[in-house]
Amino acid sequence: MKPSQDKLSLFNWLIQKYQRKIYWHVRKMVISHDDADDLTQEVFLKVWQGLDNFRGDSQLFTWIYRIATNECLNFLRNKRKMQFCEIEDFSEVFASDHNHDVLISGDDIQLALQNAIMTLPDKQRLVFNMRYFDEMRYEEIARITGTSVGALKATYSIAVHKIENLLRVNQHKLHYAA
């Protein structure tokens, strides 16, 4: 069956409008450029396959972000299983990848922040990234993740406290090392 020109036009528009946002949403979760690139393609493949079934219950943006979020979480879960890593070890692997990634630049504070974010469990990292970096409202994150606003606020607050504590500990270490 040949896809309609309307569907192709809509899909091309979606890629132009959202590909960059989706890539960076995915990249903040999986860190690796190659993995983020592959997952972004998977997301848009699923968008293409599901476009006829999109009911309009939510905004297109929300629907695409939800697909991307689910793809990220599934990818991380599968990667963890394949590597037989404990959660803490897995975070260290990602943090190590992050430290050596030439596409991520920044000063010591930015690097410390990114490393602290990488130690968060997937859901906390996801909520933190969406709220802090993407500046999404809790209501929007709730529609994307299927989580209540109250739970998201709690998750974000816990993530912020963990990051603050890690940054404080690292600052102390740097101060005593100097």
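A residue is called buried when its relative accessible area is under 20%, and exposed when that area is over 50%. By this cut-off, Arg 80 and Asp 122 are both buried in the structure described here, which is a predicted model.

The protein chain contains eight helices and zero strands, so its pattern along the sequence is written simply as α-α-α-α-α-α-α-α. Of its 178 residues, 40% count as buried. The accessible surface of the chain comes to about 10,800 Å², and 52% of that area belongs to carbon and sulfur atoms. Contacts across the sequence can be described too: among those between residues at least 6 apart, 64% join residues at least 24 apart.

Helix H2 makes a friendly example to examine closely. This helix covers residues 33-50, 18 residues in total. From its first C-alpha to its last it reaches 25 Å, close to the 26 Å expected at 1.5 Å a residue. At its N-terminal end, H2 is capped by Ser 32, which places a side-chain oxygen 3.3 Å from the backbone nitrogen of Asp 34.

Which residues of H2 are buried? They are Asp 35, Ala 36, Leu 39, Thr 40, Val 43, Phe 44, Val 47 and Gly 50. Viewed down the axis of H2, these buried residues fall within an arc of 165 degrees, so they line one face of the helix. The spacing can be read with a simple rule in mind: an α-helix has 3.6 residues a turn, so residues three or four places apart point the same way. The buried residues of H2 pack against helix H1 (5-30) and helix H3 (60-83). On the other side of H2, Asp 34, Gln 41 and Gln 49 are exposed.

Helix H3 deserves a visit of its own. Thr 62 lies in this helix, and because its relative accessibility is 1%, Thr 62 counts as buried. Apart from neighbours within four places in sequence, Thr 62 is in contact with Arg 143 and Ile 144.

Charged side chains come next. Side chains of opposite charge can pair when their charged atoms come close. In this model the count comes to eight salt bridges. One of them joins the side chains of Lys 79 and Asp 35, with an N to O distance of 3.3 Å. This pair links distant parts of the chain, since Lys 79 belongs to helix H3 and Asp 35 to helix H2, 44 residues apart.

Another salt bridge brings together Arg 80 and Asp 122, the buried residues of the opening paragraph, at 3.2 Å from N to O. Arg 80 lies in helix H3 and Asp 122 in helix H6 (residues 122-133), so this pair ties together parts that are 42 residues apart in sequence. Arg 80 and Asp 122 also take part with Arg 125 in a network of salt bridges.

How exposed are the partners in the salt bridge between Arg 137 and Glu 139? Arg 137 is partly exposed, with a relative accessible area of 47%, and Glu 139 is partly exposed as well, at 38%. The closest N and O atoms of this pair are 3.9 Å apart.

Notes
Residues numbered from 1 in each chain as written. Predicted model: local features only at pLDDT ≥ 70, side-chain atom pairs only at ≥ 80, totals over all residues. Heavy atoms only, no water. Helix = DSSP H or I, 4+ residues; strand = E, 2+ residues; numbered from the N terminus. Expected span 1.5 Å × (residues − 1). Buried < 20%, exposed > 50% of the residue type's maximum accessible area, 1.4 Å probe, protein only. Arc of directions from axis to C-beta. Contact = heavy atoms within 4.5 Å. Polar contact = N/O pair within 3.5 Å; in protein donor to acceptor, adjacent residues only side chain to side chain. Salt bridge = Lys/Arg side-chain N within 4 Å of Asp/Glu carboxyl O. Areas by Shrake-Rupley, 256 points an atom, 1.4 Å probe, with all protein chains shown as cover.
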